[in-house]
Number of protein chains: 2
Amino acid sequence: MAATIKDVARACGVHVSTVSRTFSAPHLVNPATRSRVLATADDLGYRPNRAARALTTGRTFNMGLVVADIANPFFPPLIKAAQAQARGRDYHVFVADTDEDPRVEEELIRTFTKQVDGVLLCSPRLSNRMIERLAEDVPFVVVNRRIKGMPAVLMNVAQGAKHALEHLTGLGHRRIALVSGPIGSWTSNEMQGVAAEAPGLDLIFFGPNQPTEAGGLAVAADVAACGATAVLAYNDLVALGLIEGLSAMEIGVPDQVSVIGFDDILPGRLNRPKLTTVAMPAAAAGRMAVDLLLQSGGEGATVTLDTALIVRESTGRAQ
Amino acid sequence: MAATIKDVARACGVHVSTVSRTFSAPHLVNPATRSRVLATADDLGYRPNRAARALTTGRTFNMGLVVADIANPFFPPLIKAAQAQARGRDYHVFVADTDEDPRVEEELIRTFTKQVDGVLLCSPRLSNRMIERLAEDVPFVVVNRRIKGMPAVLMNVAQGAKHALEHLTGLGHRRIALVSGPIGSWTSNEMQGVAAEAPGLDLIFFGPNQPTEAGGLAVAADVAACGATAVLAYNDLVALGLIEGLSAMEIGVPDQVSVIGFDDILPGRLNRPKLTTVAMPAAAAGRMAVDLLLQSGGEGATVTLDTALIVRESTGRAQ
DNA sequence: CGTAGCCCGGCAACCGGTTGCAAGAACCTT
DNA sequence: AAGGTTCTTGCAACCGGTTGCCGGGCTACG
């Protein structure tokens, strides 16, 4: 059995409250006593039980991180960064995967509620109303979604989409396919919003689609058939699936069709052709979300992080 | 404030112990009373506080999952599967990233100790002795490492390496480079062990290396210089870095050099040429590790999962 | 030398549950 | 009708800490 505060108190000949204060309010205990306590604590390998502490203080020093799909390469850098930032603040992170299922997402949040100080919701699939309801029980920070009065970390998708379209028009493209993601995805909406305002362009919309390679593969034929010379894809996975599908139909990228993705995930960097993409600051978003949660405790600040168009090899001049 | 057991007891006109038993020992309470309690609990949105419960029962229904690098594409499928399996058992999972640093790993485990029922250690970088010491305080399941008397989930790397070498010799390769991973990596040792027993082969050993794309890039020149016609790489990332580096030197894969990786990560499947690799059952390992932890509670069962050689496009006949 | 003020440490209640013990009620048995 | 079971529920201690309050000892000051 691991040592408890009582063991330390007994071994040191002081009251438990003194031991407690040694750790949580050091200025209230005599330096001499404190070092004695610390010494015996170290001897016994004592570490305060965080769960027990949480019971009285109300702070668990845990946070939840809920993502749609851990295996989607967009998330790991975000998770890694969030977790590292949290550790620096002495926080532990529960990571949970919803499998893109809103019901799982809700249940997960509900079971987290009592044992975390807050939850980071990344690209949630729940309705705004449900999120607002759940927010009554536990502070949230939402990533990649805008919800009134709720702290959020956003990525400037609109700006990225704008740059991407400018890049394409600069290369002479006019007829451009827009391959969106799942229904209700904030990112998809942002992209569409920008596209709708683009003057003089001939845009063809495809969606909804799975946000995966399979989703890209599945629409490849339709995209090829529509006669577009360029594609703006929901994310890099979709873009890669699309390239895969186009190649299978002997349609060359970028020679015949240009493709741009979003996210800047590792497979895109390693792919041939290397993927032109709008880089999302996933790691920065993870760090920022943690800080926002710990600072605001649920008050509604919004941080918008810049995106950057990274031109590689999957885009070229229109025929 | 969320409802507590007292609120339910008061609202229902029973003692807290009755409410408690309604949830944790239903057979001890009169069916009529129970349904009344359940009704009011539902009304108030009551959910038992797991941390408080853990204080008396000693079971937290949490587990820790410690990996070297979340962003390494090998891990996300494992994390996802482990987390899903755990959720099915009503467990939550703390995920932590050690950044390949043994000291961080140790500290992490120490802080986890009190608030989890066990820890899944994936490809740990700590010494056996240290792991054994830490195991006195919290049950472990180790993935991809063999430690006496400790439950482990292993992947049959030796078998995979053997198949890979057979595949290469079958293609006429004799001089083969072995590009290993970090020092102390169990996987590296297994690979070397098999290689050492391979008859009639001319093996050149390179290592240690970072287990990343950068690691592969960095040794590409040395590998090219050594005159090997084939390479067995520590993992797919290293293999991809290697291919990248070789391409930059105008060395074609698989025309001039064949490359085999380990893991079967997504970027390898999307790469051109598609990577020939030894597939590691990461998801199965994650599930199995969770089950082992919950069943054995630290007793030393060992599960070995099969690997499979997946021949794609990065290997070909020797010149 | 008396007293006011400060520092320090002990006491005990409390956080939200769990659980061994015992008492009362209901139901049987003879 | 008395005595014995079996159910059901309340009581209270306990898990490992935290924290408001109080009192004892020491210092400082008049």
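A residue is called near a molecule or strand if its C-beta atom, placed from the backbone, lies within 6 Å of it. The model discussed here is predicted, so that local features need pLDDT of at least 70 and side-chain atom pairs count only at pLDDT 80 or more, while totals for chains, interfaces and linings use all residues. Residues are numbered from 1 along each chain as its sequence is written, and chains are lettered from A and ligands numbered from 1 in the order in which they are written.

Around DNA strand C there are 24 residues, of which His15(A), Thr33(A), Ile5(B), Ser17(B) and Ser20(B) come nearest. The helices α2 and α4 of chain A and α2 and α4 of chain B each give at least two residues to this surface, and α2(B) has the largest share, with six residues; helices here are DSSP runs (H or I, at least four residues), as strands are (E, at least two), numbered from the N terminus. Around DNA strand D there are 25 residues, and those that come nearest are Ile5(A), Ser17(A), Ser20(A), His15(B) and Thr33(B). For DNA strand D the largest share, six residues, is supplied by α2(A).

For residues 3-57 of chain A, an unreviewed UniProt entry lists "domain: HTH lacI-type", an annotation of a kind that may be inferred rather than shown by experiment. This span is 71% helix and 0% strand, and its end C-alpha atoms lie 21 Å apart.

How are the two protein chains related? A rotation of 180° with 0.1 Å of shift along its axis superposes chain A on chain B, with an RMSD of 0.1 Å, which is the relation of a two-fold axis. The superposition is by least squares on the C-alpha atoms of residues with pLDDT of at least 70 in both copies.

Elsewhere in chain A, six strands form an open sheet of mixed pairing, in the order β7-β6-β8-β9-β10-β12, where two strands pair if DSSP finds at least two bridges between them. At its edges lie β7 (202-206) and β12 (308-310) of chain A, each of which pairs on one side only. Strand β10 (residues 276-279) of chain A pairs with β12(A) in the antiparallel sense over three bridges, and Thr277(A) has Ile310(A) in β12(A) as its bridge partner. Helix α8 (residues 157-170) of chain A packs on this sheet and touches several strands, including β6 (175-179) and β8 (230-233) of chain A; contact between two residues requires that their C-beta atoms, placed from the backbone, lie within 7 Å.

How values were computed
Axes are lines fitted to C-alpha atoms, for helices over the stretch in contact, and angles run from 0 to 180 degrees between N-to-C directions.
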